[in-house]
Amino acid sequence: MAKRTLRVGYPGNYREIEVDSPDAEPAPWDADSKLAVVGKRSPRLEGADKVTGKAKYTADVKLQGMLVARVLRSPYARATARSIGLAKALKMPGVKAAIEVEKEARYHGQAIAAVAAETEAQAEDAVAAIEVDWAVGEHVVDVEAARKPNAPRVHGGKNPNERGGEAQNTATEEACVTALKKSHATVDITFTTPVVTHSCLESHGSVARWESDGSLTVWDSTQSIFGVRDGLARGFQLPAEKVRVVKEHMGGGFGSKLGMGQHSMIAARLAREAKAPVKLMLTRKEEHLAGGNRPSSVQRVRAGADKDGKLTCLWLQSHGTGGINGGANCAGPLMSLYNCPVRRLWHADVITNASPAAAFRAPGHVQGMFALESTMDELAGKLGLDPIEFRKRNDQNEMRQAEYGEGAKMAGWEARAHLPNSGGRHKARGLGVSASIWGGGGAPGAQARCVISRDGAVEIQCGTQDIGTGTRTIIAMIAAEELGLKPEQVLVKLGDTTLPFSHGSGGSMTAPSVTPAVRAATAAARGRVFEACAKSLKADADNLTAKGGNVVAKGGASIPWAEACSKIAGANVSEQATRAQNFRGYKDGTAGCQFAEVEVDLETGHVQVLRVVAVHDCGRVVNPLLAESQINGGIIQGLSYALLEQRILDDATGRMMNANFSDYRIAGPKEIPEISVVLFDVSNGRTNTGVMGIGEPPIVPTPAAIANAVAHAIGKRITDLPITPDKILAALGKK
Ligand code: MOS
């Protein structure tokens, strides 16, 4: 390890720290680093392929002799298949294989059997011909009904539907009661949020092909090619090297594609049975029924503050359902964001006959922040304090403190009491704020290889995946920076498990995990080029740099990059690096805040979000264009959650009533506000690049900021998401 001094912090607030960084790695970038490529707005390398349709997604994979699969799903929320008759289906035209998947259905949409046929229509007909002798059981889909002692037990026997309870290391109930009694202002509010589905525009899907040597190749729409590889290897009891998973491009995952999906196993099983490649893409209906979801929440928050505006107590009692399994805990923000001497958490997961939850962009935090930040505004109101001032008094994070300042200026916070009103007395405007909080520091172990050829070609090989966030472009930019080249001069190979290992793309981990490995591998390969060409420049390899497409010696002599590479002995140089542990740098989490301005139609109850100002930090920003893209996406998804989305299950049948995009509404062009993004520049000194993740943070504060803006506009608080017109009218007493 080398001791290195770095300047860290943010503009106007820098300090020097010493970090231990691995000897073999290049010196970490810090606030003083002058970079030529990193930090510039650089269009996506695959952008042209995507808009021209040349980019191949899983659905575009077409193989010789490939069959199409379809899945029979349970029409019941709870039923047992006494028998599954495949004989008739197998005799249907074009059908090549049929398999049983599961006999016990615990939710509407659970996979029961599957077929593979030559065409999609044949596969659909064959699914309809499968004969199931159902024994229909008792189900429960309502979260409150499932908590009752006499409710049907979702997992049978004595297993209660409610799991969890007290959290470790929280204050006692008595301590809370005492703290609240002594408080100057208190609130006691119950917030509710619905189950929402991920609604990725590209559905889940796989194409599976068995090779003649008994190995398996799978093209999969996944956030984790190595995760799918390991899952399939376990499922088929194969060594991991016998399974190859490929994923070039992706149309959204948001957490629902982090683990191996059941569809991947089904496609591979059918392919083995049919002795032909099989494609299985889920339909939109299947996505809603079984593609994952964000759990619901019921959060009772009791909170207090003293007359100086300091929090005295935060007490959360919550439950929620993630279906047949899946944690619904959303206490993260309440337990960590603000200073508070007395904090208590009681949480239970409620098991219901509904499809299992999956990680969904900042799991728990979106629900939790809505409740916490609504509570903060209510308390501020009771204390007669400005909402930002009240937050600042309880928040020690200096980055967020500064971010409030930037955001408030852009959002016009000081004119909040006199917002313009275009619609006379039929419309009301409001401006709301919310804090954000997330991790995003990345993890050690990601690997990358840099191969530089004699002709000057540069290839980065990294077994990560670009889930639509721009990872390919980010990798090229990091390598181009090290080599003094342009991003377009770097060929990036990713999305294939034959490449060096990288983690699943979840937890806002990809850029912070991958960039330090790419930089270290590239720097090492560059060192080999310098050694090869040093003689031609009559210089020491140590005195060479790569910039502007040249290799330059200290004295000023230079040769073009390609000429320098022509001195390589052999075909190429190749160096691999593994990302180190995070250094003890400046800050290990990301902060941020958002402001929303809304206009509420007091006659129809319609809420239009006019503008969102988003201030976020994510360490060193590799490419502002991509970072802004993530923030735009998070805000739109958060707005959709706040105003539109909810899965509706019918209590009587247990079926989802809105498993399509006309009844399950997601935000479209008419809902999208003007979005202003401020990328708050932070040098964090945690890795050799200082990059942090920005995938999840931007969805965290949006629903809370919108809810606070609505409350500001109409003077009534909606505590139940989504904020639909009927709730607004009811709050205004117009129903
Ligand atoms: Mo994410 S919910 O970690 O893909």
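Predicted model: local features only at pLDDT ≥ 70, side-chain atom pairs only at ≥ 80, totals over all residues.
Over the face of which residue does R302 lie, and at what distance from the ring centre? R302 is placed over the face of W315, at 3.5 Å from the ring centre.

**Charges over rings**

- Besides the placement of R302 over W315, the charged end of R294 sits over the ring of F360.
- For R294, the distance to the centre of the F360 ring is 4.4 Å.

**Aromatic pairs**

- Six aromatic pairs are found when the whole structure is searched.
- One of them joins Y10 and F680 in a tilted arrangement, with 5.1 Å from centre to centre and 50° between the planes.
- Y10 belongs to strand β1 (residues 2–10) and F680 to strand β30 (residues 674–680), so this pair ties together parts that are 670 residues apart in sequence.
- Y10 and F680 are both buried.
- W210 and F236 form an edge-to-face pair, with 5.1 Å from centre to centre and 80° between the planes.
- This pair links distant parts of the chain, 26 residues apart: W210 lies in strand β12 (residues 205–210), while F236 lies in the loop between α6 (225–235) and β14 (243–246).
- W210 has a relative accessible area of 22% and is therefore partly exposed, since buried means under 20%.
- F236 has a relative accessibility of 11%, so this residue counts as buried.

**Packing of α10 and α17**

- Helix α10 (residues 365–383) packs with helix α17 (residues 702–714) at an angle of about 35°, and their axes are 8 Å apart.
- The crossing of these two helices, α10 and α17, is right-handed.
- On the α10 side, the contact is made by V366, M369, F370, E373, S374 and D377.
- On the α17 side, the contributing residues are P703, A704, A707 and N708.
- Sorted by class, the contact of α10 with α17 comprises six nonpolar, two polar and two charged residues.

- R78 is located in the loop between β3 (67–73) and β4 (79–85).
- The relative accessibility of R78 is 15%, so R78 counts as buried.
- Leaving aside residues up to four places away in sequence, R78 touches E104, A105, R106, V136, G137, E138, H139, V154 and N353.
- R78 and G251 are 173 residues apart along the chain, and their C-alpha atoms are separated by 32 Å.

Key: Residues numbered from 1 in each chain as written. Heavy atoms only, no water. Axes fitted to C-alpha atoms, helices over the stretch in contact; angles between N-to-C directions. Helix = DSSP H or I, 4+ residues; strand = E, 2+ residues; numbered from the N terminus. Left-handed = near helix turned anticlockwise from the far one by under 90°. Contact = heavy atoms within 4.5 Å. Nonpolar A, V, L, I, M, F, W, Y, C, P; charged D, E, K, R; others polar. Phe/Tyr/Trp six-rings, centres within 6.5 Å; stacked < 30°, edge-to-face > 60°. Buried < 20%, exposed > 50% of the residue type's maximum accessible area, 1.4 Å probe, protein only. Lys NZ or Arg CZ within 6 Å of the ring centre and 35° of its normal.
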